[in-house]
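Open the model in your viewer and keep the sequence panel beside it. The stops below follow one another as selections.

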Amino acid sequence: FQTILLGANMPLQELPAAIKKTGSDALVLSGVIAPDKSIINEQLPKLIQDVSVPVFLGGKVTAKSFDTLKKIGIQMIGTDIDTGIKQVSNCLNFRQ
């Protein structure tokens with residue numbers, strides 16, 4: 001994979017433009033601490049709606065908010081990087 005690091009403080013509302021500008025095939029996010037509820041309940045669903053690529057989320061936050069994240073369409077890749085890479089790869093190969 002070719003990765004583009006956007007930084008830990010990149011506002012979610014700027015990600016659709018970054019995806020379009022870079023021609024990305026997927027968006028992979030990671031979270032260690034539980035975000036503010038507005039991020040999970042408002043910003044992430046809007047992000048899913050505004051992008052045309054799969055959105056993956058890894059890190060401990062996936063366990064803390066699993067049901068809600070799954071309902072909004074985020075693909076959880078957990079905390080194991082090797083397993084996460086396989087999941088992303090399988091999804092992207094399936095799309096091609």
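Helices (H or I, at least four residues) and strands (E, at least two) are DSSP runs, numbered from the N terminus. This is a predicted model: local features need pLDDT of at least 70, side-chain atom pairs count only at pLDDT 80 or more, and totals for chains, interfaces and linings use all residues. Residues are numbered from 1 along each chain as its sequence is written, and side-chain values use heavy atoms, with hydrogens and water left out.

**Stop 1: before H1**

Select Gly-7, in the segment before H1. Gly-7 has a relative accessible area of 52% and is therefore exposed; the classes are buried under 20% relative accessible area, exposed over 50%, and partly exposed in between (1.4 Å probe, protein chains only).

**Stop 2: helix H2**

Now select H2, residues 37-50.

Apart from residues up to four places away in sequence, Gln-43 touches Leu-12, Gln-13 and Ser-38; contact means heavy atoms within 4.5 Å. Gln-13 is 30 residues from Gln-43 in sequence, yet their C-alpha atoms are 7.5 Å apart.

Which residues of H2 are buried? Show Ile-40, Leu-44 and Leu-47, which are buried in this helix. The buried residues of H2 pack against H1, E1 and helix H4 (66-72).

**Stop 3**

Move to Thr-62 in helix H3, residues 61-64. With a relative accessible area of 6%, Thr-62 is buried. Leaving aside neighbours within four places in sequence, Thr-62 is in contact with Leu-57, Leu-69, Met-76 and Gly-78.

Next pick Phe-66 in helix H4. Phe-66 is partly exposed, because its relative accessible area is 39%. From Phe-66 to Met-76, ten residues along the chain, the C-alpha separation is 7.8 Å.

**Stop 4: helix H5**

Select Cys-91, which is in helix H5. At 16% relative accessibility Cys-91 counts as buried. Residues up to four places away aside, Cys-91 touches Pro-54, Phe-56 and Gln-75. Between Cys-91 and Pro-54 there are 8.2 Å, C-alpha to C-alpha, at 37 residues apart in sequence.

**Stop 5: the largest pocket**

Finish with Ile-4, Leu-27, Val-28, Leu-29 and Ser-30, the lining residues nearest the centre of the largest pocket. On a 1 Å grid over the protein atoms alone, a pocket is an open set of points where a 1.4 Å probe fits, with protein on both sides within 12 Å along at least five of seven lines; lining residues have an atom within 4 Å of a point.

The space in the largest pocket is about 1400 Å³, and 45 residues line it. Grid points are joined across faces, edges and corners, and a volume is the space filled by probe spheres set on the points.

Which element gives the most to the lining of the largest pocket? Colour H5 (81-95): H5 gives the most, with five residues. Among the other elements supplying at least two residues each are H1 (15-22), E1 (27-30) and H2.
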